[in-house]
Amino acid sequence: MLISKMAAEGGGKEMNEIKTQFTTREGVYKLLTHSEYSRPNRVPFNSQGSNPVKVSFVNVNDQSGNGDRICFNVGRELYFYIYKGVRKAADLSKPIDKRIYKGTQPTCHDFNHLTATAESVSLLVGFSAGQVQLIDPIKKETSKLFNEERLIDKSRVTCVKWVPGSESLFLVSHASGNMYLYNVEHTCGTTAPHYQLLKQGENYSVHTCKSKSTRNPLLKWTVGEGALNEFAFSPDGKFLACVSQDGFLRVFNFDAVELHGTMKSYFGGLLCVCWSPDGKYIVAGGEDDLVTVWSFLDCRVIARGHGHKSWVSVVAFDHYTTSVEESDPMEFSGSDEDFQDQMIHFGRDRANSTQSRLSKRNSTDSRPVSVTYRFGSVGQDTQLCLWDLTEDILFPHLPLSRTRTHTNVMNATSPPAGATIITNTSSNTTNGNNSGANTPGINSLSTTLPRSNSLPHSAGTTTTANNTNKAGGGGGIGSGIMDSAIATGVSKFATLSLHDRKERHHEKDHKRNHSMGHISSKSSDKLNLLTKTKTDPAKTLGTLLCPRMEDVPLLEPLICKKIAHERLTVLIFLEDCLVTACQEGFICTWARPGKVGLLSSQNQASSPSGTVV
């Protein structure tokens, strides 16, 4: 019932209709047309062959209370504006700074939040020819150009970010698959750098720069095969998640330069990555049209989300709608008003109260705290999807009452349009992917595993036969799985032990998928599944690196809406709005529920000045 209702509410059926609002359990999100940012002439940009439009925010703590600044690139142009968000209409006639580049195009950029003031900001800009520029768009200065002669790397810059907590260190990734650590205080040298091996591991190596005097780059990382598409620092700044064109997520201890864990996409390259506010989960998206949720602690895939019809270009957690509930979760407590005092402005520094509550939730057996993580994704299919990561996915081995699960997900009221269908009890929510992750006593879990870890047609989603008859939103990967799930039924496998099921289907599975053998029960063995030569996708499918579709829960999006004419390239969650952008060069502001009135009313007191996530 819920699936069909979601489809009827605009799950992509009306192909050409652009949505200007959508409803979740918090209320209605509305597009603010007067808060649209673009090139001053507002003409759609002809994006053929151009680099993706990207957006960066910074708050300069302006005395006027309007300290938000926005930077975005469109083609060869780079713009820097005061961002008025839901408070006032955008004035495109007065950019603080505008730059037009010749011979190269901006591809990405990042502000240093530590050093930003009303008089000066440090903005790094990466370019399609490989250079990185440090500019101050307030002072209108260009202070430095790195890799100017392209001696360090000649390929396109794919991602640039300041190292969290540093005023001078920044990291740059390239389409070559290399990453470089720079210090803004150092020069790059007039000859190509010579490198000395510092550390080598499975499909990665790290070199230092050999020179008599300190010069850039300080470190060179070579990661995987093909382009390194994006990287993201953990909230505490200690770990680095990288996604590459070879389809691998690799998570490193940044300071120790060590590999923490890996994950393989279901198909194709991975394009985007983000961390949960507490650093416990990583979400990646890419060319398999899926969003994949990976547990940092367990180093395994815990869920996949299927809603997009094309490549996923951006994933992001919503720090302000991630709810932490101390009491019995009869009501949703994650509105932006309730949560704003628990998350402070910058993604790296979270309020201790929230961190302690999240850690309390994960360390206690009595389960007094309920957690729901909200994240979003946008893709080349021009659709925005919102997802909820709920307790029945995060803690499948813990007993859940039916009432608690339903209320946690759907607020115990009639579900709004596009309500989630993750509404199961523990008896049919836990899944076979528990089998090999950090569980030496593997058979101890077998009583709570509802379905086979190796059955070819088992029911591999969080939906149950009596809840729904479709999963996978549009009949892609998920629908075939669910059709067979209905036919066979989930419950008949619930009492089979994992050992029995493995024995029964091991031989057939092995032949069909050329697997490397079944999942090891030792988490330390996960790295051994990687080979130093090119990894055969057929050998990773069905392992911890890349579980089969039927072996992990399949999330349904809360909402899945077409919101643009061109592919989407930006999704950023701010305190009173979320921001999207498409390749035509239009940056859109969506007011959160209850925030849309701020623009018309002059009462700005209820809208705290800018927030950067």
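The following is a short exchange about a predicted protein model.

Reader: What kind of model is this, and how are residues numbered?
Author: This is a predicted model, in which local features need pLDDT of at least 70, side-chain atom pairs count only at pLDDT 80 or more, and totals for chains, interfaces and linings use all residues. Residues are numbered from 1 along each chain as its sequence is written, and side-chain values use heavy atoms, with hydrogens and water left out.

Reader: How many helices and strands does the protein have?
Author: The protein has 8 helices and 33 strands; these are DSSP runs numbered from the N terminus, helices being H or I with at least four residues and strands E with at least two.

Reader: What percentage of the residues is buried?
Author: Of the 613 residues, 61% are buried. Buried means under 20% relative accessible area, exposed over 50%, and partly exposed in between, with a 1.4 Å probe and protein chains only.

Reader: Turning to aspartate 278, where does it lie?
Author: Aspartate 278 lies in the loop between strand E21 (270-275) and strand E22 (281-286).

Reader: What does the side chain of aspartate 278 reach, then?
Author: The side chain of aspartate 278 reaches the backbone nitrogen of lysine 280 at 3.2 Å. The side chains of aspartate 278 and tyrosine 373 are also joined by a polar contact of 2.4 Å. A polar contact is a pair of N or O atoms within 3.5 Å; within protein, one must be able to donate a hydrogen and the other to accept it, and residues adjacent in sequence count only if both atoms are side-chain atoms.

Reader: How many aromatic pairs are there in the whole structure?
Author: A search finds 25 aromatic pairs. Rings of Phe, Tyr and Trp (its six-membered ring) pair if their centres lie within 6.5 Å; planes under 30 degrees apart count as stacked, over 60 as edge-to-face and the rest as tilted.

Reader: Why is the pair of phenylalanine 57 and tyrosine 83 edge-to-face?
Author: Their planes stand at 70°, with centres 4.8 Å apart, so the pair is edge-to-face. Phenylalanine 57 is in strand E3 (residues 55-59), and tyrosine 83, 26 residues apart from it, is in the loop between strand E5 (77-82) and strand E6 (97-100).
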